[in-house]
Amino acid sequence: MRKPLVAGNWKMNLTPSEGARLIREIQSAFHDAAEVVVCPSFVALIDALETGAPVGAQDVFWKESGAFTGSISAGMLANLGVTYCIVGHSETRGRFGKLEVDESCLGYFSETDETVRLKIVALLAAGIAPVLCVGETLAEREAGNTDAVIQGQLSAALMGISSTDASRIVVAYEPVWAIGTGKTCDTPEAERVCGMIRSSLTGLVDGAAEEMRILYGGSVKAANAADLFAQPNIDGGLVGGASLIADEFKAIIQAAK
Ligand code: PEP
């Protein structure tokens with residue numbers, strides 16, 4: 001039986017004190033039927049952890065230590081008490097806004113399939129559960145390539161990962177065109193893609209596929225959360241904008257009951 005997970009991705013929002021205040025406002029909605037985790041910016045992690053709430057990071061660098069200015073290792077996050085970490089988000093993959101960004105710029109800030117995999121390996125070694133984001137752009141969807149794109153992202157990210165380790169990974173299906181746009185993938189299609197992800201996981205990390213949680217992310221809000229979370233292959237949500245609004249996020253947490 002998979003326990004649903006509701007993860008809030010605060011992105012580059014909220015100071016440490018604002019973040020801690022938001023957590024204290026939402027804590028009354030936590031319940032035993034689901035796990036809730038908030039993912040603040042790096043600078044707000046410590047204040048968030050002091051509230052006692054489960055806390056995730058939004059990114060990590062895969063090396064243990066060394067001359068990597070500006071980077072944070074998985075060991076550093078684990079030492080603080082961080083238990084989850086997002087990897088491969090469309091914003092860190094540099095795919096968000098791809099049409100607006102010159103192709104030559106993407107290499108400067110993009111994760112690649114290989115760096116996503118390296119981050120997963122580093123997180124697992126540090127005892128942190130990776131939240132692996134996958135999803136297609138609008139152009140890829142319109143070209144009929146949704147499933148192939150996602151299967152490619154999954155197989156690259158999970159290459160060489162044992163099924164025991166894979167069972168600790170959470171996959172988040174986040175169609176790029178639905179992130180921060182207010183457009184939600186309709187529920188039957190979100191369920192279809194999450195089911196396709198589970199079948200693909202069977203081929204990649206056989207024994208773990210049924211245990212792994214698959215989240216939907218992309219304009220999740222109080223109004224659509226219950227419908228999405230009721231689907232057999234959707235085990236919760238990765239929530240961006242709505243996780244910054246206490247009442248909205250509380251209602252989403254309740255929807256995972
Ligand atoms: C996200 O950034 O992971 C996300 C799903 O954002 P939003 O809920 O705002 O679409």
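**Side chains up close**

A: The structure holds three aromatic pairs, where a pair means that the ring centres of Phe, Tyr or Trp (its six-membered ring) lie within 6.5 Å, with planes under 30 degrees apart called stacked, over 60 edge-to-face and the rest tilted. Such ring pairs link Phe61, Trp62 and Phe68 into a cluster. Please keep in mind that this is a predicted model, in which local features need pLDDT of at least 70 and side-chain atom pairs count only at pLDDT 80 or more, while totals for chains, interfaces and linings use all residues. Residues are numbered from 1 along each chain as its sequence is written, and side-chain values use heavy atoms, leaving out hydrogens and water.

Turning to the cysteines, a disulfide is a covalent bond between the sulfur atoms of two cysteines, and here it is counted when the two sulfur atoms lie within 2.5 Å. The structure holds zero disulfides. For Cys85 the closest cysteine sulfur belongs to Cys39 and is 7.8 Å away, which is too far for a bond; for Cys133 the closest is again in Cys39, at 9.3 Å, also too far. Cys85 counts as buried because its relative accessibility is 0%, where buried means under 20% relative accessible area, exposed over 50%, and partly exposed in between (1.4 Å probe, protein chains only). Cys133, with a relative accessible area of 2%, is buried as well.

Ser200 sits in helix H9, which covers residues 187-204; helices (H or I, at least four residues) and strands (E, at least two) are DSSP runs numbered from the N terminus. At 15% relative accessibility, Ser200 is buried. Leaving aside residues up to four places away in sequence, Ser200 touches Gln151 and Leu154, a contact being heavy atoms within 4.5 Å. A polar atom of the Ser200 side chain also lies 2.9 Å from the backbone oxygen of Met196.

Finally, there is the ligand, which has 14 residues around it, and of these Lys11, Glu174, Gly180, Ser219 and Gly240 come nearest; a residue is near when one of its heavy atoms lies within 4 Å. A polar side-chain atom of Glu174 lies 2.8 Å from an oxygen atom of the ligand, and a polar backbone atom of Gly180 is 2.7 Å from a ligand oxygen. For Ser219, a backbone N or O atom lies 2.8 Å from an oxygen atom of the ligand. Taken alone, the ligand exposes 300 Å², and the protein buries 96% of that, with areas from the Shrake-Rupley method using a 1.4 Å probe.

Note on methods
Polar contact = N/O pair within 3.5 Å; in protein donor to acceptor, adjacent residues only side chain to side chain.
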